[in-house]
Amino acid sequence: MKIEIFKMERMQSLWENVVDYNLSESGVHPLSLKDFLQPAELEELSRVEIGYTQTNGTPPLRENIARLYPVVDPEQIMVTAGSSEANFLLMWSLLEPGDEIVFELPNYMQMWGLSRSFGARVRPLWLRPELGWQPDPDDLRKTVNGNTKIIILTNPNNPTGAILNQEIREEIIRQAERVGAWLLVDEVYRGAERNGVETPSFWGTYDRVVVVAGLSKAYGLPGLRLGWLVGPVELVKKVWTYHDYTTISVSALTDYLATKVLEPERRLQILKRTRTILNNNLPVLEAWLNSFEGLFDYQPPQAGAILFARYNLQINSTELVERILKEKSVLLVPGDHFELDGYLRFGYGSSQDYLKPALSRVAQVLSGIKV
């Protein structure tokens with residue numbers, strides 16, 4: 001087995017904590033413990049014993065996660081060290097060499113790389129900007145076939161921030177049912193919708209659906225490294241076997257804090273904060289993009305602290321990002337990290353006091369490049 005370099009994660013790990021301004025993040029500015037815990041809860045936290053927790057997640061945590069989905073038993077939930085571990089465990093437990101995967105693009109590329117590394121054949125299903133970053137139904141019907149083992153989506157999408165409409169959701173489910181494929185949907189941006197209407201989960205729409213989520217993007221708590229997957233009982237039992245070979249369990253502190261975060265009222269308050277940041281900051285980024293008079297073409301994201309913009313310059317996206325990085329110490333994500341060159345992904349979930357000077361530095365580089 002040969003693991004491919006995960007280009008985006010490698011670039012971020014090298015530079016995100018070194019640069020003056022990091023606009024590569026796809027979540028909002030992180031919360032601190034004091035932002036969501038009361039003094040008495042902080043005191044309670046100090047008394048939590050740092051031992052092993054139940055390996056699939058404690059019952060109170062899984063009960064809170066279960067409230068997020070229609071008709072799910074806590075035994076259908078596996079708690080993981082971030083949604084990335086959930087994705088890994090699913091790929092590891094479901095794939096065999098030679099299997100065929102239909103993979104939505106552009107997309108977060110973890111499962112693209114894992115599928116190829118596990119020996120699967122990957123067929124792209126492209127989202128079309130002219131369709132509002134929806135897949136073409138004809139492309140979908142042609143791409144999904146009798147050999148398709150898994151269809152992989154991220155909804156809301158990374159990097160575009162688009163949400164699949166009801167018509168295409170129904171067509172995706174029909175095509176999965178037609179061939180008996182697993183439908184694996186990463187829903188980590190669910191809850192970060194700018195209009196406050198939470199994206200319906202794919203859970204419950206089909207008997208071979210698995211959904212993945214976590215506390216990193218919509219909740220502003222990436223450092224907790226808390227994710228989960230929801231699936232049929234027999235699949236979750238199988239995944240648990242693989243989980244015993246990886247992290248075994250999340251930390252006791254993470255389990256405790258995640259249980260608090262997902263209490264219904266507290267969860268709504270945290271998501272309200274996220275939406276406020278997004279709706280306050282997006283106009284700042286849009287005004288900046290529009291000030292270049294045609295250099296950028298973009299569609300406002302429906303969810304997430306990310307905007308995917310096409311630029312009208314004759315330069316490779318990684319080269320452009322590296323130039324901005326070296327000259328102005330600002331980190332962005334190049335479009336070719338999503339297999340779509342000619343685009344940049346801007347993260348706009350930080351404070352405006354951070355966002356505005358970062359964009360000003362990027363403008364200084366762009367002004368020196370000829371169209």
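Let me start with a word we'll need: a residue is buried when its relative accessible area is under 20%. Keep that in mind as we look around, and remember that this is a predicted model.

Let's begin with strand 7, residues 182–186. Is this strand enclosed or open? Well, 5 of its 5 residues are buried, so the strand is largely enclosed by the rest of the structure. In a regular strand, side chains alternate between the two faces of the sheet. Here both faces are covered: W182, L184 and D186 are buried on one side, and L183 and V185 are buried on the other.

Now, who are the neighbours? To get from strand 6 to strand 7, the chain passes through helix 8, residues 166–179, in a right-handed β-α-β crossover.

Let's turn to empty space. Rolling a probe the size of a water molecule over the atoms shows where such space is left. How many cavities of 30 Å³ or more does the structure hold? The count is 1, and the largest cavity has a volume of about 60 Å³. Its lining includes L68, Y69, E187, V188, A213, G214 and W228. Sorted by class, the lining has 6 nonpolar, 4 charged and 1 polar residues.

Technical notes
Residues are numbered from 1 along each chain as its sequence is written. This is a predicted model: local features need pLDDT of at least 70, side-chain atom pairs count only at pLDDT 80 or more; totals for chains, interfaces and linings use all residues. Side-chain values use heavy atoms; hydrogens and water are left out. On a 1 Å grid over the protein atoms alone, a cavity is a set of points where a 1.4 Å probe fits but cannot get out, and a pocket is an open set with protein on both sides within 12 Å along at least five of seven lines; lining residues have an atom within 4 Å of a point. Grid points are joined across faces, edges and corners, and a volume is the space filled by probe spheres set on the points. Ala, Val, Leu, Ile, Met, Phe, Trp, Tyr, Cys and Pro count as nonpolar, Asp, Glu, Lys and Arg as charged, and the others, Gly among them, as polar. Buried means under 20% relative accessible area, exposed over 50%, partly exposed in between (1.4 Å probe, protein chains only). Helices (H or I, at least four residues) and strands (E, at least two) are DSSP runs, numbered from the N terminus. A crossover is right-handed if, with the strands pointing away from the viewer, the path from the first strand over the helix to the second runs clockwise.
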